[in-house]
Amino acid sequence: MTTTSPSLKRKAVDLAEAEHKKPKQDGSITAFFGAPKAKSAAPKAAATATATAASTTTNTDATETATATTATTVTATAKFDKEAWAAKLTPEQRGLLQLELDTLDETWFAALKDELLKPSFLALKKFLREEHVRGAKIFPPAPDVYSWSRHTPLSSVKAVILGQDPYHNDNQAHGLCFSVRPPTLAPPSLKNMYVALKKDYPSFSPPPKGGGLLTPWADRGVLLLNTCLTVRAHEANSHAGKGWEGFTQKVIDLVAKKRTNGVVFLAWGKPAQQRCKGVNGMKHLVLQSVHPSPLSAHRGFLDCGHFKKANEWLEQRYGPDGGIDWDLNVAPEKAGV
């Protein structure tokens, strides 16, 4: 996509491989607080060291060179050991954090591990456990709470769209803000996003059959993050103020800190703009507008031009192919549903 042409930079790509990112659906309490799964960690660093040492028998210089190479390899491949971290948890902590251990993307888990042990987050998980015990229906389904992390690993984030509360009606929320899976039709706010996109790129194509599936964006580097990650069925904002806000603020702060080449934050509405107050405007781009809701979209959102502005800025930072392909005309089976 270029800044000189109104057409999209490429046709929608085949995203079938994204299907593996979605865990098996299970809305039961065991999905949140199930028994730990046994896993074995492969000693990659030790294997590398052994293989390297075995090949260095010719002379002292060769041995010294191989030793240095091995040390470099071990350092380069060293990464966060989640199993070792989990082994230090108390039984209660392990039970409370089983969903995170099972479904939070590895890159995000390593960056958020300290946040998971904060009293405020553990209190949130206890609240969610109590919700399940008393039979409350919670959206999105447990395996989808962290789907944003699996579709958009920390290392791939180029843009952030911030939402507020997950959709609270049936067959809507699946862990990506503004997005709904087929056959659910695109909600009103998302339809207004399509209108704004069409003005920026006349060749823009929405999902088939009036749908609202945004996984193609997420797989292309757009972090679709809600302020609260869960909600009680049919009760808007029912999980607000329980602890999600601090956690998701940490996610935003991590993006601003770790993505040093720069990220575009699309902050629509005052709550989203508050979330971006700490973002360094010299390093990142924060685009602000009213919310795309039908109650406010006519006051500037429909003509905000944010999708094109985001790409123009990203292409300056990442090169001609650094923008986001906003096209959504992808068959559901190829869109990581």
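Colleague: What percentage of the 337 residues of the protein chain count as buried?

Modeller: A residue is called buried when its relative accessible area is under 20%, exposed when it is over 50%, and partly exposed in between, using a 1.4 Å probe and protein chains only. This is a predicted model, in which local features need pLDDT of at least 70 and side-chain atom pairs count only at pLDDT 80 or more, whereas totals for chains, interfaces and linings use all residues. Residues are numbered from 1 along each chain as its sequence is written, and side-chain values use heavy atoms, with hydrogens and water left out. Of the 337 residues of the protein chain, the buried share is 51%.

Colleague: How many helices and strands does the protein chain have?

Modeller: Both are DSSP runs numbered from the N terminus: helices are H or I runs of at least four residues, and strands are E runs of at least two. By this rule, the protein chain has 14 helices and 6 strands.

Colleague: Where does UniProt place the feature "active site", and is Asp165 buried or exposed?

Modeller: The unreviewed UniProt entry places this feature at Asp165; UniProt positions follow the numbering used here, feature names are shortened, and annotations may be inferred rather than shown by experiment. Asp165 lies in the loop between β2 (159-163) and α10 (188-200). Because its relative accessible area is 18%, Asp165 is buried.

Colleague: With which side chain does that of Arg181 make a polar contact?

Modeller: Arg181 is found in the loop between β2 and α10 and counts as buried because its relative accessibility is 18%. A polar contact is a pair of N or O atoms within 3.5 Å; within protein, one must be able to donate a hydrogen and the other to accept it, and residues adjacent in sequence count only if both atoms are side-chain atoms. At 3.0 Å, the side chain that meets Arg181 in this way is that of Asp144.

Colleague: Against which elements do the buried residues of α10 pack?

Modeller: Helix α10 has 13 residues and reaches 19 Å from its first C-alpha to its last, close to the 18 Å expected at 1.5 Å a residue, where the expected span is 1.5 Å times one less than the number of residues. Its buried residues include Leu190, Met193, Tyr194 and Leu197. The buried residues of α10 pack against α11 (215-219), β5 (264-268) and α14 (306-318).

Colleague: The side chain of Thr248 has a polar atom 3.3 Å from which backbone oxygen?

Modeller: Thr248 is found in helix α12 (residues 244-258) and counts as buried because its relative accessibility is 1%. Leaving aside neighbours within four places in sequence, Thr248 is in contact with Leu225, Asn226, Thr227, Leu229 and Arg275. The backbone oxygen at 3.3 Å from its side-chain polar atom belongs to Glu245.

Conventions: Contact = heavy atoms within 4.5 Å.
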